[in-house]
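Please read each point with the structure open.

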Amino acid sequence: MKVVGWGGDHVKMLDQRLLPGEITFLELRDVDGVADGIRNLSVRGAPAIGIAAAYGMALAALSNDASDRASWLERWDADRATLRGTRPTAVNLAWALDRVDAVARPLLDEANFAEAGADGDSPWLRSVEAFRARVLDEARAIDAEDEWMCRQMGDFGAALVPQGARVLTHCNAGGLATGGYGTAVGVIRSAWARDKGLHVFVDETRPLLQGARLTAWELDQEKIPFTLITDNMAGYFMRQGKVDMVVVGADRICANGDVANKIGTYSVAVLAKHHGIPFYVAAPFSTIDLSLPGGDHIVIEQRDPSEVTHHAGRRMAPESTRAANPAFDVTPHELIAAIVTERGVMRAPYTSTLAEAAAVSMART
Ligand code: MRU
């Protein structure tokens, strides 16, 4: 199921807040609506919010009715800033916005049109139409490439999964978080398809239960056997020797291999290290941010404390409770056995393996 897509004159977005109970697609007709959908987690997961932002820019281009270049680009940039400001941690969002801008903006260069006003078949309108088409093409390409990259990661990652492995995952890095198939869940799906006879431990992932609501739902659809556990049970099962490997997704990976992912990932990585269990990260290169040397530079999104004090609209803590709600944490590279990407499996020293792989331009097959 595609979680986000283009509806001709609107953005279609699966409202993941309602899963697993209800499958409802939102029809978003302006950039503010797409921004709200990203902010309120109707769409979530690093690659999926990048794709949503790219389709959001297709909407921005369609609704922009300014009749001269300067005001057109001013509105375009304001819409880009709105989308960019929604969630700070996953780099895919800014990556997708920059990519769309880079291919479309030259179509409005001085050289490409004569400023002729908005009447009839003017060069200006032709430029705008070309711009709109180019943005939509790029959004669709980002979407399609992401699914392809997930399948590549699945192929590479499956080779790391031992026969009969018990695999623990945290949060949701599945088809719901991507253009399709999933990153960490993609590795699990590919291993399952190769008859590895897996069993998955799914961390419920407090406070918003992406594991319980989304990963469990996806695995159930795929008929992959799993056990749902609360986050604080991971150590119990590791100590009993019931977990053979961990695989998670990522929101941003720094040049040195430090990984930001859903809050609680770091605790799982420390536990895995203590128990001698390999801890893998699966993420496409669109999640790798070589401009940041290490995890201390990553901006961690702080969300509304009511997500911690309340559950399903009901208060769970006394009225006066102060709660903290960092949405992500950073797992230092020392705790990571390998990073599975669409370009292969990267191992330490990440500073050189990631940089070398990033330099290779990949031809899509
Ligand atoms: O707050 P969320 O649900 O957007 O957080 C999602 C995660 O942390 C995922 O693990 C990550 O984005 C990778 S998704 C392929």
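In what follows, buried denotes under 20% relative accessible area, exposed over 50%, and partly exposed anything in between, computed with a 1.4 Å probe on protein chains only. The model is predicted: local features need pLDDT of at least 70, side-chain atom pairs count only at pLDDT 80 or more, and totals for chains, interfaces and linings use all residues. Residues are numbered from 1 along each chain as its sequence is written, and side-chain values use heavy atoms, with hydrogens and water left out.

1. Tyr 236. This residue belongs to helix 8 (residues 234-239); helices (H or I, at least four residues) and strands (E, at least two) are DSSP runs numbered from the N terminus. Tyr 236 counts as exposed because its relative accessibility is 51%. Between Tyr 236 and Asp 289 there are 34 Å in space, C-alpha to C-alpha, and the two are 53 residues apart in sequence.

2. The loop between strand 5 and helix 7. Thr 205 is situated in this loop and has a positive phi near 75°, although the residue is not glycine. With a relative accessible area of 0%, Thr 205 is buried. The peptide bond from Arg 206 to Pro 207 is cis, its omega being near 5°, and Pro 207 lies in the loop between strand 5 and helix 7. Leu 209, likewise in the loop between strand 5 and helix 7, is a residue other than glycine with a positive phi, near 60°. Leu 209 counts as buried because its relative accessibility is 14%.

3. Geometry of helix 7. The 13 residues of helix 7 (residues 210-222) should span 18 Å at 1.5 Å a residue, and the end C-alpha atoms are 17 Å apart, which agrees. The expected span is 1.5 Å times one less than the number of residues. Helix 7 carries a kink of about 25° centred on Ala 216, where the bend is the angle between axes fitted to the seven residues ending at a position and the seven starting there. Just after helix 7, Lys 223 adopts a positive phi of about 60°.

4. Surroundings of helix 7. Which residues of helix 7 are buried? They are Gln 210, Gly 211, Leu 214, Thr 215, Ala 216, Trp 217, Glu 218 and Leu 219. The elements against which the buried residues of helix 7 pack are strand 4 (166-169), helix 6 (184-193), strand 5 (199-203), strand 6 (226-229) and strand 9 (259-262); contact here means heavy atoms within 4.5 Å.

5. Helix 6 and helix 7. The axes of helix 6 and helix 7 cross at roughly 20° and come within 12 Å. That makes helix 6 roughly parallel to helix 7. Axes are lines fitted to C-alpha atoms, for helices over the stretch in contact, with angles from 0 to 180 degrees between N-to-C directions. Angles under 35 degrees count as roughly parallel, over 145 as roughly antiparallel, 65 to 115 as roughly perpendicular, and the rest as oblique. The crossing of helix 6 and helix 7 is right-handed; a crossing is right-handed if the near helix is turned clockwise from the far one by less than a right angle, and left-handed if anticlockwise. Val 185, Ile 188, Arg 189 and Trp 192 of helix 6 meet Thr 215, Glu 218, Leu 219 and Glu 222 of helix 7.

6. Helix 5 and helix 6. At what angle do helix 5 and helix 6 pack? The angle between helix 5 (residues 123-158) and helix 6 is about 60°, and their axes are 7 Å apart. That makes helix 5 oblique to helix 6. Helix 5 passes helix 6 in a right-handed crossing. On the helix 5 side, Met 153, Gly 154, Asp 155, Gly 157 and Ala 158 meet Gly 186, Val 187, Ser 190 and Ala 191 of helix 6.

7. Helix 2 and helix 4. Helix 2 (residues 46-63) is mostly covered, with 16 of its 18 residues buried. Helix 2 packs against helix 4 (residues 91-104) at an angle of about 30°, with the axes 7 Å apart, in a right-handed crossing. Residues of helix 2 that meet helix 4 include Ala 46, Pro 47 and Ile 49.

8. Ala 348 and Pro 349 are joined by a cis peptide bond with omega about 0°. Pro 349 is located in the loop between strand 16 (344-346) and helix 11 (350-359).
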